[in-house]
Amino acid sequence: MYALAINGSPRKGGNTEFLLKKVLEPLKKAKWTTEIVQVGGREYRGCVACYKCFQKKDMRCHGRKDDFNALMEKIVKADALICGSPTYFTDVSAELKGVLDRAGLVSIANGALLRGKIGAAVVAVRRGGGTHVFDSINHMFLMSQMVVPGSIYWNLGYGRDKGQVEGDVEALANMDHLGRVIAWLGAAMGPVVADYPRPAKGFGGES
Ligand SMILES: Cc1cc2nc3c(=O)[nH]c(=O)nc-3n(C[C@H](O)[C@H](O)[C@H](O)COP(=O)(O)O)c2cc1C
């Protein structure tokens, strides 16, 4: 099993990365392959709505020449996707928003590539707005037929400066629990059911 963590913070070694690593620890112990991909501060830009992904159906985004398609290949392989973001004016970082939009659309264009994957949102926040970030990430997961496990409480860690989140012991316990739940869920899930009947029109980007 393969868990892919996406770090939406441009601050390498910051609070978001710390929280993501906490989630991955129990997964490693459960013999999952784990990886963190740095997205914040790198070339991951927004969707340009060219809809070429619907024409080509090759699991790629054709709107931009940046780092996205290499990440999309990893996303397609992942059993669990853990997206982490700092809280930026009550929302995800710009780079992570670009990834969420483009991965979501490429998934729909190719017959639901994200279907049946486990999805978890992890948020670093100084004071307020973290639940909105949590929602932004989970919205994409939930409209992509992904399965979203809960944890003990909120998947939020408090801190402003690099490393401050280490002092939020409740958050650390929550992240450890989240990793354990993902490991349990991954072991419990059967093969993805891909043939649920769907209305012919209006769903998932089809006109
Ligand atoms: C542009 C910007 C906007 C921010 N907006 C908020 C905010 O709305 N609410 C909040 O509590 N913290 C806000 N913060 C603080 C970060 O969310 C906080 O420092 C977080 O721990 C950073 O995580 P990182 O170390 O992974 O980058 C903001 C920080 C920046 C740089």
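Two strands are said to pair if DSSP finds at least two bridges between them. In this predicted model, strand 3 and strand 4 (residues 118-125) run parallel and are joined by seven bridges. Within this pairing, Leu81 stands opposite Gly119 of strand 4. Strand 3 also has a partner in strand 1 (residues 2-7), with five bridges in the parallel sense. Here Leu4 faces Leu81 of strand 3 as its opposite residue.

A helix comes into the picture as well. Together, strand 3, helix 4 (residues 94-109) and strand 4 form a β-α-β unit, and this unit is right-handed.

How enclosed is strand 3, which spans residues 80-86? Seven of its seven residues are buried, so the strand is largely enclosed by the rest of the structure. In a regular strand, side chains alternate between the two faces of the sheet. In strand 3, Ala80, Ile82, Gly84 and Pro86 point one way, while Leu81, Cys83 and Ser85 point the other way, and all of them are buried.

Apart from neighbours within four places in sequence, Ile82 is in contact with Ala3, Ala5, Leu20, Val23, Ala120 and Val122.

Terms used. Residues numbered from 1 in each chain as written. Predicted model: local features only at pLDDT ≥ 70, side-chain atom pairs only at ≥ 80, totals over all residues. Buried ≥ 20, exposed ≤ 12 C-beta atoms within 10 Å, placed from the backbone. Helix = DSSP H or I, 4+ residues; strand = E, 2+ residues; numbered from the N terminus. Right-handed = clockwise from strand over helix to strand, strands pointing away. Contact = placed C-beta atoms within 7 Å.
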